[in-house]
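Dear colleague,

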Amino acid sequence: MAGLTAAASARVERFVDAARERTSTPPRRTRTTVVLGRALGVLVAVCFLTGLYSHLLQNPVGWLPLFPRPVWLYQVTQGTHVLAGLVMVPVLLGKLWAVYPRLFTWPPVTGPVAVLERGSIALLVGSALVEVAIGVMNIAQWYAFDFSFRRVHFVLAWVLVGSVILHIAVKLPLIIAFWRPVPADPAATEQPPARTWPEHPDPDPDRRPTEAEAISRRGALIAVAASAGAILLGTAGQTVAPLASLAVLSPRRPGIGPQGLPVNRTAAEAGVRQRDVDDDWTIRIAGATSALALSRSELAALPQTTADLPIACVEGWSQTATWTGVPLREVLELAGGTAGAGVRVTSLQVRGAFSRTVMPQVYVDDPLTLIALKLGGEELDIDHGYPARIIAPGRPGVMQTKWLSSIEVLR
Ligand SMILES: Nc1nc2c(c(=O)[nH]1)N[C@H]1C(S)=C(S)[C@@H](COP(=O)(O)O)O[C@H]1N2
Ligand SMILES: [Mo]
């Protein structure tokens, strides 16, 4: 019995060795892994920080400041977040391609440390793949899952960053050894790391690559970089205006939509009907001391401000447009001001997460936060929020509430 088990184990070991041998081609050596790992590390850090910023804007923490200015700040951070996430796709796939031969070890784990190491890598790979996949699905508006995207994306981001930090700590000796290119001539250093590192079971590192192995390390890196570049070029135009005509890969493109501006959700999709927004429409304003209802012509009779402000969607597209309307704080003055509080903004749209938002006081106080009535000098299109919408500097698109119904000071 014991003999049988030993024989079976030896057979599995031979099989696993052969699999590793066949897949451990020269371009997959540690240097490739380190080069791709560095790029991935930078992209993960950029996505994490910009993601945290977006999360903070949507879930403000009392003791942390919010920044309405510069007006383009969120446009830049969120545009960067989505572009870095998209570029991550080929880099992540390249990195997995470079390291997967290491799955082939027998026995699969050799002790508690190996269990931890393999476990943390499973967590790293799993969270990275899911994080990037649901991000891409979300910007493509393919909501195939019924969990809250924002919550899952946020929690997984912490898991991913935690396992990246652990991974870097474990691999630090390798990362340092292969930070610079390994000398081409093995005689140039006494002990070329590529030959001595036990993780690289290559029986003869100097052998010529076989036909199947002929793809070079440089070729592999160029393939990854070219895919990343193509993705960047094909999507950057969704937020970088001069590149708009190249944005063939992005779901929303600047300039395309009513009044030359993209629409994320139309009035029809939001269940807002023409008769909800006809001449009887009024907006209820509840300030610190009183409440009033204003018709559209009453709003239009108040002093107007015109400003160039971006709509910056969390999904990464953004576009600056010229908005005209009444500064929110001046409308609130008619009802006794805010007494230092924020406001609740409610839409005519009855269902859905975007039908109401809370606006902290810094935005209410900003003279560029408008109850907008016009876009590019024309009356708002119904899909852009007619009769009136919020446009505030530096806020995520989801909070630029359309089809306003009421604005109340929080107390
Ligand atoms: N009431 C309401 N307001 C809304 C939305 C919505 O679905 N309902 N979508 C938001 C989102 S996600 C974005 S990006 C912007 C888009 O503005 P636009 O359609 O005018 O370009 O509006 C925001 N305001
Ligand atoms: Mo959005």
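Phe145 is buried in this predicted model, because its relative accessible area is 15% and the limit for buried is under 20%. Phe147, in contrast, counts as partly exposed, with a relative accessibility of 35%.

As for the ring pairs in general, such a pair is described by the distance of the centres and the angle of the planes. The count comes to five aromatic pairs here. In one of them, the ring centres of Tyr100 and Phe104 are 6.2 Å apart and the planes stand at 75°, so this pair is edge-to-face, since an angle over 60 degrees is what that word requires. Tyr100 is partly exposed, with a relative accessible area of 32%, and Phe104 is partly exposed as well, at 24%. The pair of Phe145 and Phe147 is stacked, with 4.4 Å from centre to centre and 5° between the planes. You will also find one aromatic cluster, which is formed by Phe48, Phe154 and Trp158.

Arg38 lies over the face of Trp179, where its distance from the ring centre is 4.5 Å, and Arg395 lies over the face of Tyr363, at 4.8 Å from the ring centre.

Technical notes: Residues are numbered from 1 along each chain as its sequence is written. Chains are lettered from A and ligands numbered from 1 in the order in which they are written. This is a predicted model: local features need pLDDT of at least 70, side-chain atom pairs count only at pLDDT 80 or more; totals for chains, interfaces and linings use all residues. Side-chain values use heavy atoms; hydrogens and water are left out. Rings of Phe, Tyr and Trp (its six-membered ring) pair if their centres lie within 6.5 Å; planes under 30 degrees apart count as stacked, over 60 as edge-to-face and the rest as tilted. Buried means under 20% relative accessible area, exposed over 50%, partly exposed in between (1.4 Å probe, protein chains only). A charge sits over a ring if NZ of Lys or CZ of Arg is within 6 Å of the ring centre and within 35 degrees of the ring normal.
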